[in-house]
Amino acid sequence: MSGWISYFTGARDTKATTRQAIVGIREQLAMLDKKEEYLTKKIEEELKKAKTNAITNKAVATAALRRKKTYEQQLDQLSGTRLTLEAQANAIESANMNAETMVAMKRGAGALKEIHEQLNIDKVDKVMDEIREQMEHTKEVADAISNPLNVGVEIDTEELDAELAELEQEVLDAKLAGASHVPVHTPAGPSKVAERRQVAAEDDEEAQLRELQASLAMN
């Protein structure tokens with residue numbers, strides 16, 4: 001228990017012990033690999049020897065099979081040992097990861113506690129009230145800037161509405177009066193065309209007479 005407590009407090013000896021244990025297990029597994037390779041090779045040799053002497057020399061073949069059986073038993077024992085060491089290494093690595101996670105979480109909890117000690121709800125409410133006050137002040141300034149300047153003039157909105165209504169009525173009355181005096185268009189018949197021709201002829205005669213009078217006056 002003291003070892004884990006020292007680990008959580010950040011003591012270096014426990015971390016070093018953990019690393020040494022994992023390294024030691026990995027080294028032992030490497031030795032087992034070499035031993036298994038050696039036993040596998042010996043098993044193949046004894047099997048080959050037994051096959052070679054199975055007919056010609058049964059005693060030699062039988063001895064080879066016995067040695068092969070012994071090597072196979074040793075190989076099985078090494079396999080069990082390997083499984084145990086691998087399981088132990090995995091357990092240590094998992095425990096080490098959990099311990100490091102707990103250290104990180106403990107540091108995070110301490111950091112949060114320190115922050116919250118400096119940032120309580122009263123301080124937050126005070127800051128938010130100040131922000132709201134400044135936002136309202138900003139809005140008031142913006143409204144004041146955007147409103148038109150009517151210096152020295154007091155305007156009655158009801159009076160303006162009444163005047164606007166009178167102007168609208170005058171415009172409507174004028175439109176109605178203009179509509180009642182629209183002349184009726186009558187198509188020009190033959191008699192109208194003759195009258196226009198007669199007026200044009202009379203105008204032409206008067207123009208000629210004025211020219212004559214002007215020439216006599218000059219003489």
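Is Asp-33 buried, partly exposed or exposed? With a relative accessible area of 39%, Asp-33 is partly exposed. Some notes on the rest of this predicted model follow.

1. **Confidence first.** The mean pLDDT of the chain is 79, and 72% of the residues reach 70 or more. Among the elements, helix α3 has the highest mean pLDDT, at 89, whereas helix α1 (residues 2-8) has the lowest, at 47.

2. **Overall make-up.** There are six helices and zero strands here, so the order from the N terminus is simply α-α-α-α-α-α. Of the 219 residues, 12% count as buried. The chain exposes about 18,500 Å², and carbon and sulfur atoms supply 58% of that area. As for contacts between residues at least 6 apart in sequence, 71% of them join residues at least 24 apart.

3. **The core.** The largest nonpolar core has ten residues. They are Ile-25, Leu-29, Leu-32, Leu-39, Ile-43, Tyr-71, Leu-75, Leu-78, Leu-85 and Ala-89. The elements that contribute two or more residues to this core are α2 (12-52) and α3 (58-118). In general, nonpolar side chains in soluble globular proteins tend to be buried together.

4. **A closer look at Leu-85.** This core member is a handy place to start on screen. Once neighbours within four places in sequence are set aside, Leu-85 is in contact with Ile-25, Gln-28, Leu-29 and Leu-32. Ile-25, Leu-29 and Leu-32 are also listed in the core.

5. **Asp-33 and Arg-82.** Back to the opening residue. The side chains of Asp-33 and Arg-82 meet in a salt bridge, with an N to O distance of 1.6 Å. Asp-33 sits in helix α2 and Arg-82 in helix α3, so this pair ties together parts that are 49 residues apart in sequence. What about the burial of the two partners? Arg-82 has a relative accessible area of 17%, and it counts as buried because that is under the 20% cut-off. Asp-33, at 39%, falls in the partly exposed range.

6. **Glu-93 and Arg-26.** The structure holds nine salt bridges, and the one between the side chains of Glu-93 and Arg-26 has an N to O distance of 3.0 Å. This pair also links distant parts of the chain, with Glu-93 in helix α3 and Arg-26 in helix α2, 67 residues apart. Glu-93 is partly exposed at a relative accessible area of 31%, and Arg-26 is partly exposed at 37%.

7. Asp-129 forms a salt bridge with Arg-132, and their closest N and O atoms are 3.0 Å apart. Because these two are three residues apart in helix α4, about one helical turn separates Asp-129 from Arg-132. Asp-129 is partly exposed at 45% relative accessible area, and Arg-132 is partly exposed at 46%. Elsewhere, salt bridges with shared partners join Asp-33, Glu-36, Arg-82 and Glu-86 into one network. Opposite charges can pair when the charged atoms of their side chains come close.

8. **Asp-76, facing Glu-36 across the sequence.** Asp-76 lies in helix α3. Its relative accessibility is 55%, so Asp-76 counts as exposed, the cut-off being over 50%. Asp-76 and Glu-36 are 40 residues apart along the chain, and their C-alpha atoms are separated by 9.3 Å. Glu-36 is one of the residues in the salt-bridge network.

9. **The nonpolar surface patch.** Which residues make the nonpolar surface patch of about 720 Å²? They are Ile-115, Leu-119, Ile-121, Val-124, Val-127, Met-128, Ile-131 and Met-135. Helix α4 (residues 121-146) gives the largest share, six residues. Met-128, found in helix α4, has a relative accessible area of 35% and is partly exposed.

Notes
Residues are numbered from 1 along each chain as its sequence is written. This is a predicted model: local features need pLDDT of at least 70, side-chain atom pairs count only at pLDDT 80 or more; totals for chains, interfaces and linings use all residues. Side-chain values use heavy atoms; hydrogens and water are left out. A nonpolar core is a set of buried Ala, Val, Leu, Ile, Met, Phe, Trp, Tyr and Cys residues joined through side-chain atoms within 4.5 Å. Buried means under 20% relative accessible area, exposed over 50%, partly exposed in between (1.4 Å probe, protein chains only). Helices (H or I, at least four residues) and strands (E, at least two) are DSSP runs, numbered from the N terminus. Contact means heavy atoms within 4.5 Å. Accessible areas come from the Shrake-Rupley method with a 1.4 Å probe; for residues, only the protein chains shown count as cover. Patches are made of residues with over 30% relative accessible area and no salt bridge: like charges are joined within 9 Å, nonpolar side chains (Val, Leu, Ile, Met, Phe, Trp, Tyr) within 5 Å. A salt bridge is a side-chain nitrogen of Lys or Arg within 4 Å of a carboxyl oxygen of Asp or Glu. pLDDT is the predictor's confidence in each residue, from 0 to 100.
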